[in-house]
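Open the model in your viewer and keep the selection tool at hand. The tour moves from stop to stop.

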Amino acid sequence: MSISFNLNGKPAVTDAAPARRLAHVLREDLGFTGTKIGCDAGDCGACTVLLDGEQVCSCLVPVAQVADRDVTTVEGLASADGRLSELQQAFHEYGAAQCGICTPGMLMAAADMFKHNATPSDDQIMDAMGGVLCRCTGYNKIVDAVKHVVQPNGVDFVSPDAGGAMGARTLKTDGIQKVDGTELFGADVAPADALWARTIRSPHHSATFTLGDFDDLYKKWPGLERVFTAADVPGNNGYGIYPEIKDQPAFADGQVRFKGETVVALVGTHEAVYGIRDEDVPINYELREPLFGFAGLDDGAHQMHDANPGNILAHGYVKKGEAKSAMETADVVVEDSFVTGFVEHGYIEPEAGWAQRVGDRLEITVSTQAPYMDRDEVAQIIGIPNESVRIIPTACGGGFGGKLDLGVHPVIGVAAWVLNKPVRCTWTRIESMAASTKRHPSRITARYGCTKDGDLVAYDMSGDFNTGAYVSWGLTVKDRVPVHATGPYYVPHVEAATRAVFANETPAGAFRGFGIPQAAIAHDTLMDMMADEIGMDILEFRLRNAIRKGQDTATGQVLEYSAGLDQCLVALREPWQKARAAAEKFNAESDGVTRRGVGLGCMWYGCGNTSLSNPSTMHVGIAADGTVTLYSGAQDIGQGTNTTMMQVAADGLGIRMDQMELVWGDTDKTADAGKSSASRQAYVSGRAAMEAGQDLRGQILRLANVGDDASIEFGEGRLTVTEGDAVRVIDLSDLSDDKLHGNVLVGEATFDPPATPLDDMGQGNPYGTYGFGAQVAEVEVDVDLGTVKVLHVWAAHDVGAAINPTQVEGQVHGGVAQGLGLALMEEYLPGRTENLHDYLIPTFGDVPPIDVYLIEDPEPTGPYGAKGIGEPALIPTPPAIFGAIHHATGVRMKQAPATPDRVRAAILAAQGEK
Amino acid sequence: MSSYLRPTELDEALQALAAGDRIIVAGGTDFYPARVGKPVDEDILDVTAIDGLRRIEPRGDHFHIGATATWTDLIRADLPDWFRAMKQAAREVGGVQIQNAGTIIGNICNASPAADGVPGLVALDASVVLGSVSGEREVPITEFVLGNRKTARKPDEMVLGLNIPVCGTDAKSAFLKLGARKYLVISIVMVSAVLEKAADGTVERLRIAVGSCSEVAKRLTALEADLVGKPADGGLAALVTEDHIAPLSPIGDVRGSAEYRSDAALTLVRRAIAELTE
């Protein structure tokens with residue numbers, strides 16, 4: 001029986017099963033993919049639509065219930081002629097959409113609110129929109145955009161002139177599709193005839209297994225095309241991000257090492273692969289005692305990988321001077337231990353994509369952070385040359401490190417290759433959480449020593465990092481942590497040792513900061529403790545020790561340029577002093593139950609891969625018709641790389657940004673610009689994009705036989721070059737169009753940041769530049785309940801030069817929000833918190849107003865002075881919050897997250913000691 | 001092939017239940033989250049089209065909440081002041097999306113220990129009206145919600161609504177929910193309380209229920225009895241002792257330890273009373 005309803009004011013009919021979720025009917029049956037699915041459980045709000053004008057989660061509505069009713073989706077917000085609504089335009093202008101996956105839900109929730117309340121207060125905005133989660137923006141710019149609709153504030157966004165894009169608040173080049181519902185993410189692009197793949201995952205943390213006979217499944221489910229197993233992998237049944245280590249099986253082969261590991265994949269019709277229950281797939285498990293946490297280090301623990309005795313993946317080490325003996329000369333030595341747990345990326349877009357075999361090539365269209373790495377990984381799984389794989393990235397609905405490792409690729413790649421049919425896959429939220437990588441849990445013990453005058457003497461730390469069942473990015477974490485272990489301070493003597501340890505838990509990989517956020521909790525809590533011991537202001541103590549140009553790091557790298565921590569701290573001095581005084585006044589007048597505190601955190605972070613070559617190559621071409629195109633392989637994961645690359649390339653060439661086209665991501669059309677990780681795209685790819693533009697400009701000037709100061713006017717089919725009174729016209733159709741992608745002229749540039757290997761003592765120059773930052777957090781603690789509310793954050797970050805201040809602010813806001821989550825609420829427990837209602841990420845009401853101070857100490861190797869900000873923004877937030885809790889209560893939190901029960905327990909323990 | 005029935009008449013619904021097992025679906029806010037990535041292949045009875053089941057209205061000595069009334073319906077309903085706690089609970093159920101679709105009756109039928117609606121209904125001595133082809137019966141909510149995901153509903157019955165006895169005109173109620181974030185949060189502890197004062201300003205009747213600290217939200221009857229007759233003023237909250245909380249049997253889980261729950265319950269009970277005696 002068909003169901004009729006009104007969809008965006010027009011009649012719609014569906015023959016879908018009445019119990020089918022409205023969201024699925026809209027997306028899969030009717031093609032309205034503007035409505036996004038983040039969880040299918042009402043936890044994230046991405047699928048919010050209006051039903052008879054009221055917001056509902058369309059993932060929870062049986063389509064039977066919309067019969068004869070009005071459904072409005074994001075596609076229904078713009079006017080019939082495509083003009084954006086005021087709300088959409090405000091989202092676009094304010095940078096309220098970063099990756100854009102939550103944006104349709106946000107817009108619909110706001111639209112519902114405006115139907116009931118034309119002049120909402122901030123609290124009413126948050127109450128109305130609180131059912132939608134955003135992982136990118138920290139909500140600040142969303143609230144600003146909604147408030148702009150209530151009360152326009154006159155901000156004017158103009159397209160910059162030629163040469164003026166750098167530093168301008170340009171609108172996102174891909175911003176409109178993020179607010180009008182046309183942006184295409186990993187789950188939005190598969191052809192209608194694609195088969196579906198569903199992974200059957202290990203329900204056990206550790207087991208051996210045998211596969212049974214699938215004949216009964218095939219008989220019962222004619223739509224089941226094939227069950228894929230390890231035996232079906234044409235090439236190497238293993239992957240991993242390091243060229244020499246491919247330890248994670250595409251399909252488990254006889255044993256599973258974590259709950260959620262891929263065992264087999266069902267491929268067939270949607271009805272079949274989602275109709276089959278996991279328990280009906282014959283897999284016989286023999287359970288083993290799982291190793292959790294650091295149990296793999298215990299005597300007698302079973303060995304998880306033959307290559308790694310004692311379950312230790314690797315050691316990391318940095319030694320400068322003689323920290324242990326120098327520590328004895330310090331006037332004050334503080335020591336403590338710190339613990340953190342698994343943290344989930346929580347991007348609102350679960351992993352998704354589709355694959356097809358095209359002759360001897362395989363094409364995978366997928367949400368990713370790393371097109372070229374994906375390409376090479378998939379190629380060796382299929383057993384074909386790298387060039388035979390094409391990765392076509394979709395818009396990425398958040399990554400934060402979690403979409404660097406392969407997701408759906410192995411299953412859809414193998415299935416499409418073997419079946420020679422298109423195959424699609426979208427992970428459920430539960431799968432995404434169970435199977436994707438996590439932040440490494442850590443346990444760190446550290447000692448910091450200083451003189452009574454406040455000069456740092458020595459730092460000595462050791463830390464273990466749980467890398468889970470497979471290597472993933474474990475080697476990077478064990479190396480990055482000792483390099484950054486001291487924090488952004490000049491320390492004469494340093495010894496820092498790390499181990500990456502295997503466990504029967506979710507692989508720990510890359511997550512915004514690669515271990516540095518964990519290390520920062522240790523170093524900056526100890527900094528607070530030293531300052532208290534010697535009676536020095538916490539900020540002034542850090543300012544005294546802030547590493548400056550001319551000083552050397554723990555690896556002996558002398559900083560020559562762009563080391564702006566001191567400027568960050570100076571910028572924060574006033575808010576710090578005011579907030580500290582206000583908190584102390586509040587506490588003096590308080591009843592003792594509600595107490596406020598203000599804390600400070602500092603960070604540094606090397607931009608680019610540690611001691612490794614990590615080049616980016618960019619092209620800017622001009623075609624015979626005059627079309628100028630930037631070919632950028634720097635994947636935009638919501639952070640805005642599509643826009644920033646255009647800005648620096650346009651300025652390099654000297655063209656108006658809106659006169660230039662962008663081709664992005666596709667490995668057949670763009671050169672390798674590395675991964676969107678390590679805060680490297682603005683710095684490394686940005687430099688390449690700027691130089692590619694400059695290279696093309698140079699070629700044009702040489703063609704015109706004019707000097708560097710000449711100006712170029714870009715016209716249809718021709719260029720007009722002016723130098724003083726001389727004017728030369730280049731007719732582009734006179735030039736041969738045999739250059740890259742059919743262009744007549746192509747500028748090219750490659751940039752690989754200067755870095756040198758680390759020796760056995762961890763000495764060397766691991767990065768071309770470092771980002772610096774400091775944040776002040778003000779909190780309110782309910783002493784009787786242990787709840788912590790962050791009231792305000794002031795964040796100062798040295799970004800070298802802000803390519804686009806709106807986007808830099810957005811990165812800072814989002815980093816603070818994730819740091820807040822790490823500090824207060826986020827802990828992934830395998831098998832227990834595999835959804836977004838047991839695993840908590842900050843909501844509208846949890847992220848405070850954030851004041852951003854952009855410090856620009858230019859980095860000469862970066863594009864127009866710029867360096868990275870993606871990861872730096874998260875790092876100082878947890879220690880700032882922990883410091884604020886201490887200021888409020890006198891209690892030092894040494895375990896993240898500082899959940900209400902842990903804070904309360906610490907307060908009770910402290911009271912017991914008194 | 002599973003069957004999906006969406007009748008407009010109650011009789012049709014009850015007859016369908018008499019004919020065989022069906023899952024009853026209204027707002028879908030608990031039904032679908034339990035089936036992420038899994039087949040939806042049960043026989044379903046969708047009750048949302050049944051005429052007359054969505055009312056929230058006074059009926060003589062009690063108020064009635066119909067089977068398909070949503071949290072938003074409750075928030076918007078014109079109700080006496082002592083419904084404040086229930087309205088507050090409604091505002092803290094999920095986001096507005098969930099409040100617009102989810103029903104109060106669904107919340108009690110789902111019988112989660114952390115059900116936001118249950119403490120308030122327990123404190124108000126609500127009773128549950130069940131119907132089947134053989135007739136109706138009414139049971140106190142404490143005899144309806146029997147345990148974690150367990151109710152007294154028989155397979156051929158559907159819950160038709162809730163009856164809430166009228167409180168004194170100056171009765172006041174309070175609801176406090178403790179969670180680890182602001183929105184979309186499952187409670188660690190919830191407290192709902194209703195205070196009715198005697199003419200002399202003492203406690204005539206005080207009802208307090210605590211949620212998330214036992215399989216089913218629990219009334220603290222010893223505490224209630226101890227406080228009757230005491231002045232309902234700023235000193236009342238201080239009379240709550242740890243012993244009063246002892247009947248609770250919290251468990252430790254991802255949201256908090258058992259010890260923490262007991263400790264927080266004591267604080268929240270005191271605060272709820274303080275709020276009512278301000």
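Start with S679(A), which is buried, with 29 other C-beta atoms within 10 Å. The model is predicted, so treat each stop as a computed feature. The cut-off for buried is 20 or more such atoms, so S679(A) qualifies. Look at its backbone next: phi of S679(A) is near 50°, a positive value in a residue other than glycine. Most residues other than glycine have a negative phi. To place S679(A), select the loop between β26 (660-664) and α18 (681-704) of chain A.

Now select F400(A). Is F400(A) buried or exposed? F400(A) is buried, and 31 other C-beta atoms lie within 10 Å. F400(A) is not a glycine, yet its phi is positive, about 60°. Its loop runs between β17 (389-393) and α11 (409-419) of chain A.

Next, go to P897(A). Which form does the peptide bond from A896(A) to P897(A) take? The bond is cis, with omega near 0°. Most peptide bonds are trans. P897(A) sits in the loop between β34 (895-896) and α21 (900-913) of chain A.

Last, show both chains. The contact takes 50 residues from chain A and 37 residues from chain B. On the side of chain B that touches chain A, select β3 (44-46), α4 (96-101) and α10 (258-276) of chain B; these are the elements that give two or more residues. Of these, α4(B) gives the most, with five residues. Colour this side of chain B by residue class: its residues divide into 21 nonpolar, 11 polar and five charged.

Definitions and conventions:
Residues numbered from 1 in each chain as written. Chains lettered and ligands numbered in written order. Predicted model: local features only at pLDDT ≥ 70, side-chain atom pairs only at ≥ 80, totals over all residues. Helix = DSSP H or I, 4+ residues; strand = E, 2+ residues; numbered from the N terminus. Buried ≥ 20, exposed ≤ 12 C-beta atoms within 10 Å, placed from the backbone. Contact = placed C-beta atoms within 7 Å. Nonpolar A, V, L, I, M, F, W, Y, C, P; charged D, E, K, R; others polar.
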